[in-house]
Amino acid sequence: MSLSRSVGLLFLAGLFSKFLSVFYRVPLSYLLGAEGIGLYQMSYPAFVVMVIVATGGLPFAITKHIAQHLAVGDKEKAGRLFRVGQQLLWLRGILLGLFFYLFAPILALKVLGDPRSELPLKMLAPAIFFICVEGSLRGYFQGLQQHSILAKAQAFEQLCRVVIMLTLSFLLLPYGLEYAAAGAAAGAAGGSLCAIVFLQGYKARRFNSKCFLRLQEWSESARMLQCFGLPVMLGSFIMPVMQMIDAAIVPLRLQASGIPIHLATALFGQHAGMALSLVALPTVATRALTTALVPNLAAASARKNQTLVTNRMMLAIRITAAISLPATVGLYILAQPICQVLFGTPEAAIPLQWLAFGTVGLCMMETNGSLLHALGKGQGAVVALFAGAVVNASVDYYACALPALNIRGAALGTGLGFTVAAALSFLFLKRYLPKPFNYGALLFPLLASLIMAPVVKWAFDFSFSRGWVPMVVLLWAVGVGAGFYGLMALTTGLFGANIFQA
């Protein structure tokens, strides 16, 4: 399958999953209400952290090693590393899932402060095991570069998750709010289990590897996988931990500027729950790109094909810029109508406009980090993320307390954090480029995005002045801007005819 088709399928699957993740919140809110949603949401941060610890970057390690060893014809070693990685994930999933279940009462009472959250936490525990099992299969198929299967599994998992969580919430609601919230939480385990069944049904290809390994062989393979997975895990840790720190810093510093607590909480919701979610939308495309490129890059590196390695790395950065730069312009210009149509909260446009520039940093940060991990240089990605997190926290602490900035300070801090992490990770990445990076390749998307800006503004003003429905006004402006940008890309040859060929 060509790289373009792989990226396209993964992008569509990600878009479908993102749509469902937005859609299910509407009926779930009607079912559970604000209190039930709170019980459901408060259990997730601890669950996410436990999943990161349990998987430990091993799915990514499986992907890289399968792709590398198959590229040089060593099927036996690829099979051995997959088998050991799978066993490690099963073991960690069982132990940490059991630990999470047993620790749920203490976590609910002592940490979350609401004993009713115990049941949702317990319902999330099986998902830790299932996600580990699913991770091994995803690593397997990604290493084989069978991306169409991954795309189908992603869409199927999200569909099953939404159906299960809404159905169980509805059926369990008569028994109490905590039972309904637990039913919603059970969707994570149900969706992952469905994905496992789906992927296992496709897993026809078998490696020629020994069924039983000597202890020394097993321990060497386990050490190799875990050494590679550790930087991936540390990098994954930084973002959710930073979000938790943000949740602690921003509302308190807003109050220090004289804003009442209820308004400070609302402003933080506009920033973290609305503006940040919009800025993260373009990562659906960049993650599809890196998912397809990582095994491809690992295989090229194993064959010591430095020309292909360089071309793939430059391609990834170039496409990321081509996606994130126009998205930045669109989010800035259309911030108010977007927030009005999607959230019914036009005030969220204030942090969104200040955060829009961070779209480029976020997308570049994720792309650069994935490329570094694919090359086995993940330490650079971890250092860059940590530096960005420190900048984010420092700016938040200072700027949010300034009355002239308040929530704008949080948006500024987050955007600067993404930008610093992207810049540092790019500097690390440049070390492994055999030839100098062509900065001219980034000039066109920048200029095209700037030229697109007045076109989008005109399209919005034109439709708004004629009294069109707000949703139609927004879709028209976005469509005109995307069409204009796409036309410029085609006529000027932003992407060559064979740029995506595998």
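User: Which helix holds Glu118 and Lys122, and how many residues apart are they?
Analyst: Both lie in helix 6 (residues 118–143), four residues apart, which is about one turn of the helix. Helices here are DSSP runs of H or I with at least four residues, numbered from the N terminus. The model is predicted, so local features need pLDDT of at least 70 and side-chain atom pairs pLDDT 80 or more, whereas totals for chains, interfaces and linings use all residues. Residues are numbered from 1 along each chain as its sequence is written, and side-chain values use heavy atoms, without hydrogens and water.

User: What do Glu118 and Lys122 form?
Analyst: They form a salt bridge, with 2.9 Å between the closest N and O atoms. The term requires a side-chain nitrogen of Lys or Arg within 4 Å of a carboxyl oxygen of Asp or Glu.

User: How many salt bridges are there in the whole structure?
Analyst: A search of the whole structure finds five.

User: New topic: where does Arg253 lie, and what does it touch?
Analyst: Arg253 is part of helix 9 (residues 215–256). Leaving aside residues up to four places away in sequence, Arg253 touches Asp396, Tyr397, Cys400 and Ala401; contact means heavy atoms within 4.5 Å.

User: And how far is Arg253 from Ala155?
Analyst: The C-alpha atoms of Arg253 and Ala155 are 40 Å apart in space, and the two residues are 98 apart in sequence.

User: Now helices 15 and 17: at what angle do their axes cross?
Analyst: The axes of helix 15 (residues 358–374) and helix 17 (residues 407–430) cross at roughly 35 degrees and come within 7 Å. Axes are fitted to C-alpha atoms over the stretch in contact, with angles from 0 to 180 degrees between N-to-C directions.

Key: Helix = DSSP H or I, 4+ residues; strand = E, 2+ residues; numbered from the N terminus.
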